[in-house]
Every structure is written in structure tokens, then in C-alpha cells.
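Trainee: I'd like to go through the aromatic rings in this one. Can we start with the terms?

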Amino acid sequence: MPMKDGPYAYGSMFVTGGEQPKIFRTPRDGGDKAIVLDGDTEAEDKAYFRIGGADHSPDHKRLLWGYDDKGSEFYTLKVRDIDSGDDGSDTVEDTGGGGVWDADSAGFFFVRLDDNHRPSKLFYRSLEGAEKLIYEEADSGMFMGVGGSRNNAWIFLSIHDHETSEFRVIPAADPLAEPRIVAARETGHEYDVEDGGDVFFFLTNTDGAQDFKIMSAPTDRPERENWQDVVPHEPGRLILSAMAFARHLVRLERKDGLPRIVIRERATGEEHMIAFDEEAYSLGLSGSYEYDTDTIRFSYSSMTTPSQVFDYDMVTRKRILLKTQEVPSGHDPEDYVTRG
């Protein structure tokens with residue numbers, strides 16, 4: 001389903017007989033689909049083809065997209081003019097498949113893979129083709145990824161292995177700035193970062209929070225000594241993810257074996273849950289492209305209910321069903337109903 005971002009809504013789809021996604025956009029409140037990237041067309045006459053990331057620029061004029069046409073998992077990046085559909089001749093080789101735009105849509109960040117297929121170097125590349133190494137990770141046991149904040153204010157450089165995290169942040173409006181470390185890597189300390197405007201929120205297992213907790217610190221003082229509890233650790237309640245918006249903090253957690261989505265009003269700290277009646281179910285949190293919004297998106301399914309996609313208004317608490325997957329052939333929900 002298309003997701004709103006400024007004047008447009010972006011989505012992807014497959015067509016019967018096709019093997020590749022088609023990325024499209026529509027006017028924000030609905031209208032005709034405009035295909036901005038046709039995977040089936042790009043894959044024509046190729047023995048192998050796979051699309052990596054596809055990220056539209058903040059000014060909605062360009063699409064940064066990646067593809068692998070060799071099966072090597074080394075992706076090539078191109079920048080497409082959305083109106084003309086022209087990719088131009090400039091390409092970026094040996095990447096992880098995607099990238100992140102700066103705040104002014106003047107260039108993008110990407111991670112280049114080394115000969116061992118390890119993402120080890122972060123580059124910034126302007127639309128004029130100038131390229132600069134921003135950060136290189138020397139520890140061969142660590143991997144890197146790059147992402148952007150929902151309000152286009154920050155670039156997040158994630159460095160991690162299976163039990164240790166480290167983040168460095170770069171102002172998206174100053175892409176050549178020196179990356180600033182948030183909390184230095186410490187074996188066994190895992191954390192993730194969300195931009196909350198004047199604060200960063202951290203999903204972290206620090207201080208023995210085995211099931212994770214949420215903390216915050218000012219964006220101009222993000223170091224570990226400034227972190228303060230927002231959602232304290234509660235044994236038996238595993239916080240799986242968190243997303244920050246202008247007026248709300250949203251988390252996906254699991255308690256008593258069931259997932260639940262909790263909405264926290266940032267101004268008051270008041271919380272409510274998105275509730276379901278079934279005894280067992282699955283939830284997924286899709287969030288939003290936008291930061292200044294009261295709407296999030298989530299998916300729901302159970303043994304009796306095929307996958308459904310909802311938009312949810314965090315203020316009115318109304319949910320809108322957007323899509324329901326067709327019931328698989330031979331499936332009878334009554335087979336999964338508990339009877340006394």
C-alpha cells in the first residue's frame with residue numbers, strides 16, 4: 001500500500017506474470033499511479049536481476065536505486081530523474097544495495113563493500129560525482145549500515161556485530177561534517193537510535209536491561225552519561241522496536257507471549273495499547289515516512305485472520321483497514337478456533 005510523504009504517496013507492487021517489483025507513486029490523497037521504477041523492464045534480457053534499495057530524494061525529484069545483475073550481491077547504484085525516467089551515465093559500484101539522501105537532495109551516503117563482502121566504508125557522493133570517504137571501520141568483526149532520520153535531520157551510521165552496537169551521527173544538512181559518536185562500543189551493549197527532534201531516543205539493554213528499555217538524551221549532548229530513562233526496564237516485557245514522531249513515541253513489545261503496540265504521548269507520558277481480541281496473533285509495525293504525523297501503519301494476522309494492513313490515528317485511536325490478504329485455498333478459520 002502506498003505510504004504518504006509530502007505531496008506524494010509511494011508504494012510497490014507486482015503484476016501477474018512479473019518477477020520484479022514496480023515502484024510507483026501517486027498524489028498524496030490518491031490518483032493515478034506513476035511508475036518510477038519498473039523492475040520487470042530493468043530485468044529484461046538479464047540472466048539474473050535483483051533490485052536493492054530505492055529511496056526518493058527529499059525534494060521528490062530523484063530516485064536513488066540499486067541493483068545486482070550478476071548474482072554477486074555487490075550492488076550498483078544509479079540516480080534516476082523521476083520526471084524523465086533517465087538514470088544518466090553515472091554509476092556507483094560495489095555497494096550494499098542502497099543509500100540515504102542528504103537534507104538538501106544534493107547528494108547521498110552509501111556503504112561500499114570490500115573484497116570480503118564486508119560493508120566497511122561510508123562515502124558521501126554529490127550529484128556532480130564528487131565522492132568523499134566519511135568513515136572507515138577498521139575492525140573486521142564489525143559491520144556497517146547507514147540510514148536517515150524520519151524528519152531528514154540526521155544521518156545514522158550503525159556499526160555492530162551480533163552483541164555490540166555503536167552509532168555515529170551526521171547532520172543531514174552538513175553531509176561532510178565529522179561523524180559524532182553517540183555511545184562508544186562496549187561488548188554486550190546493544191542500542192538503536194531514533195530522532196525525536198530536540199532529543200534522541202535509545203532502545204538499549206544498558207544497565208542490565210535484558211529485555212531492553214527506552215532512554216533519551218539531548219541531540220547536542222547524546223553521550224551515554226546524559227541518557228535518562230523514558231520507558232524503564234520491565235523484566236518479562238521485551239521491547240522489540242521503537243519509533244519517534246513529533247508528538248508520540250511508539251513501541252512494539254512482547255509480553256506474556258503476545259506482541260502489542262504501545263502509543264506514548266510525549267507531552268504527558270500517557271500510554272495506550274492497540275488492542276486485539278484473539279488469543280494468538282502476529283503484529284508488524286511499519287511506521288511512516290513522515291515525522292510530523294499522527295498516523296502510523298501496522299500489519300496484523302492470526303491463524304483465523306489473513307494478513308491485514310491498517311492505518312492508525314494515534315489521537316482518535318481509529319484504525320482504517322487498507323488491505324486484506326485473500327484467504328489461502330483450503331484454509332478454514334474454524335479449524336483454529338478454541339472450543340470449550
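Mentor: A charge sits over a ring if NZ of Lys or CZ of Arg is within 6 Å of the ring centre and within 35 degrees of the ring normal. The model is predicted, so local features need pLDDT of at least 70 and side-chain atom pairs pLDDT 80 or more, while totals for chains, interfaces and linings use all residues. Residues are numbered from 1 along each chain as its sequence is written, and side-chain values use heavy atoms, without hydrogens and water.

Trainee: Which ring does the charged end of Arg 319 sit over?

Mentor: The ring of Phe 276, 5.0 Å from its centre. Lys 33 lies over the face of Phe 24, at 5.3 Å from the ring centre.

Trainee: OK, ring against ring. How many aromatic pairs are there in the whole structure?

Mentor: The search finds 21. Rings of Phe, Tyr and Trp (its six-membered ring) pair if their centres lie within 6.5 Å; planes under 30 degrees apart are stacked, over 60 edge-to-face, the rest tilted. One of the pairs is Tyr 10 with Tyr 289, edge-to-face at 6.3 Å centre to centre and 85° between the planes.

Trainee: Buried or exposed, Tyr 10?

Mentor: Tyr 10 is buried, at 5% relative accessibility. Tyr 289 is partly exposed at 37%. Buried means under 20% relative accessible area, exposed over 50%, partly exposed in between (1.4 Å probe, protein chains only).

Trainee: And what about Phe 49 and Tyr 67?

Mentor: They form a stacked pair, 5.8 Å centre to centre with 20° between the planes. Both Phe 49 and Tyr 67 are buried.
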